[in-house]
Amino acid sequence: MILVLLGPPGAGKGTQGEKLAVQLGIPKVATGDVLRAAVRDGTPLGLEAKAAMDRGDLVPDSVILGIMKEALAAPSAAKGAILDGVVRTVPQAEGLTKVLKEIGKDLKGVLLFEVPDEELVKRLSGRTVCDVCQTPFTGREPGEKCAVNGHEPQGTLVRRKDDEPEAVLNRLRVYQAQTAPVISWYRAQGANVLPIDAVGSLDDVLARVHKALGT
Ligand code: AMP
């Protein structure tokens, strides 16, 4: 089962994708996570992506298509994958369609997480992440210790550079300009686009996702 999670930054794609991946028994592929790890490790990919990421701009489609192809070809993705934040431009959607055709897999659906802009700004500018396990938190301050039990070493909460106010506004602009057209593109292709009201508790939103998917 291949699922695409679409929606603005801060809509909860990562958190919901994580839960869905466990429940459906398929991996979550998040280009943002792959790129952040590359930046941390100082690899050539990370060096190429860092400046664009810090500004809240997109990294080039060619880079994303390479990551996506490799992830989908991995043995762990034999039964499918949840693509979180991967398709962010129309050329990326075209590229994904081509890759899926090559490997003989169908796109089951595009989950479209919908959240009003004011709520997104509030969520992103109040977000911190653990510098070890990358779990996001709201309402907790940078410098506090991670609350996830049992991971060693216990991390410290930090603010992602692209969650600073200026980068947040840029990411929302970039979403409107470059990612929102992907929704119409998928609809025009006859894809199964499933809008999800993503305001509410994690469990409520997850229940809406399962209802939409029939899972
Ligand atoms: P995310 O964690 O999904 O919010 O991604 C963080 C940043 O990584 C984005 O603001 C982009 O700079 C970059 N990025 C992640 N996925 C993509 C993608 N599919 N296309 C272009 N840039 C991406």
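User: Great. What kind of model is this?

Analyst: This is a predicted model.

User: Okay, let's start with R160. Where does R160 lie?

Analyst: You'll find R160 in the loop between strand 7 (157-158) and helix 7 (165-188).

User: Is R160 buried or exposed, and why?

Analyst: R160 counts as buried because its relative accessibility is 17%, and the cut-off for buried is under 20%.

User: Let's follow V129 then. Where is V129 placed?

Analyst: V129 belongs to strand 5 (residues 127-130). With a relative accessibility of 7%, V129 counts as buried.

User: Which residues does V129 contact?

Analyst: Setting aside neighbours within four places in sequence, V129 is in contact with Q134, T135, P136, T156, L157, V158 and R160. There is also a C-alpha separation to note: V129 and P142 are 13 residues apart along the chain, and their C-alpha atoms are separated by 8.3 Å.

User: Q134 is on that list. What is the phi of Q134?

Analyst: The phi of Q134 is positive, about 70°, although Q134 is not a glycine. Q134 sits in the loop between strand 5 and strand 6.

User: Is Q134 buried or partly exposed?

Analyst: Q134 counts as partly exposed, at 27% relative accessibility.

User: Switching topic: where is there a cis peptide bond?

Analyst: The cis peptide bond joins E152 and P153, with omega about -10°. P153 is in the loop between strand 6 (136-138) and strand 7.

User: Which side chain has a polar atom 3.2 Å from the backbone oxygen of P153?

Analyst: H151 does; a polar atom of the H151 side chain lies 3.2 Å from that P153 backbone oxygen. H151 itself lies in the loop between strand 6 and strand 7.

User: Is H151 buried or exposed?

Analyst: H151 is buried, with 15% relative accessible area.

User: What does H151 touch?

Analyst: Not counting residues up to four places away in sequence, H151 touches C130, V132, C133 and C146.

User: Nice. On to the helices. How are two packed helices described?

Analyst: By the angle between their axes and the distance between the axes.

User: At what angle do helix 2 and helix 3 pack?

Analyst: Helix 2 (residues 31-41) packs against helix 3 (residues 44-55) at about 110°, and their axes are 8 Å apart. Helix 2 and helix 3 are therefore roughly perpendicular to each other. The crossing of helix 2 and helix 3 is left-handed.

User: Which residues meet there, in helix 2 and helix 3?

Analyst: From helix 2 there are G32, V34, L35, R36, A38 and V39, and they meet L45, G46, A49, K50 and M53 in helix 3. By class, the contact of helix 2 with helix 3 has seven nonpolar, two polar and two charged residues.

User: What about helix 6 and helix 7: how do their axes cross?

Analyst: The axes of helix 6 (residues 117-125) and helix 7 cross at roughly 140° and come within 10 Å. Helix 6 and helix 7 are therefore oblique to each other, and their crossing is right-handed.

User: Which residues of helix 6 and helix 7 meet?

Analyst: L120, V121 and L124 in helix 6 meet V168, L169, R171 and L172 in helix 7. The contact of helix 6 with helix 7 divides into six nonpolar, no polar and one charged.

User: Last pair: what about the axes of helix 1 and helix 8?

Analyst: Helix 1 (residues 13-24) and helix 8 (residues 202-213) have axes that come within 11 Å and cross at roughly 60°. Helix 1 and helix 8 are therefore oblique to each other, with a right-handed crossing. In the contact, T15, Q16, K19, L20 and Q23 of helix 1 meet L202, D203, V205, L206, V209 and H210 of helix 8. By class, the contact of helix 1 with helix 8 has five nonpolar, four polar and two charged residues.

How values were computed. Residues are numbered from 1 along each chain as its sequence is written. This is a predicted model: local features need pLDDT of at least 70, side-chain atom pairs count only at pLDDT 80 or more; totals for chains, interfaces and linings use all residues. Side-chain values use heavy atoms; hydrogens and water are left out. Helices (H or I, at least four residues) and strands (E, at least two) are DSSP runs, numbered from the N terminus. Buried means under 20% relative accessible area, exposed over 50%, partly exposed in between (1.4 Å probe, protein chains only). Axes are lines fitted to C-alpha atoms, for helices over the stretch in contact, and angles run from 0 to 180 degrees between N-to-C directions. Angles under 35 degrees count as roughly parallel, over 145 as roughly antiparallel, 65 to 115 as roughly perpendicular and the rest as oblique. A crossing is left-handed if the near helix is turned anticlockwise from the far one by less than a right angle, and right-handed if clockwise. Contact means heavy atoms within 4.5 Å. Ala, Val, Leu, Ile, Met, Phe, Trp, Tyr, Cys and Pro count as nonpolar, Asp, Glu, Lys and Arg as charged, and the others, Gly among them, as polar. A polar contact is a pair of N or O atoms within 3.5 Å; within protein, one must be able to donate a hydrogen and the other to accept it, and residues adjacent in sequence count only if both atoms are side-chain atoms.
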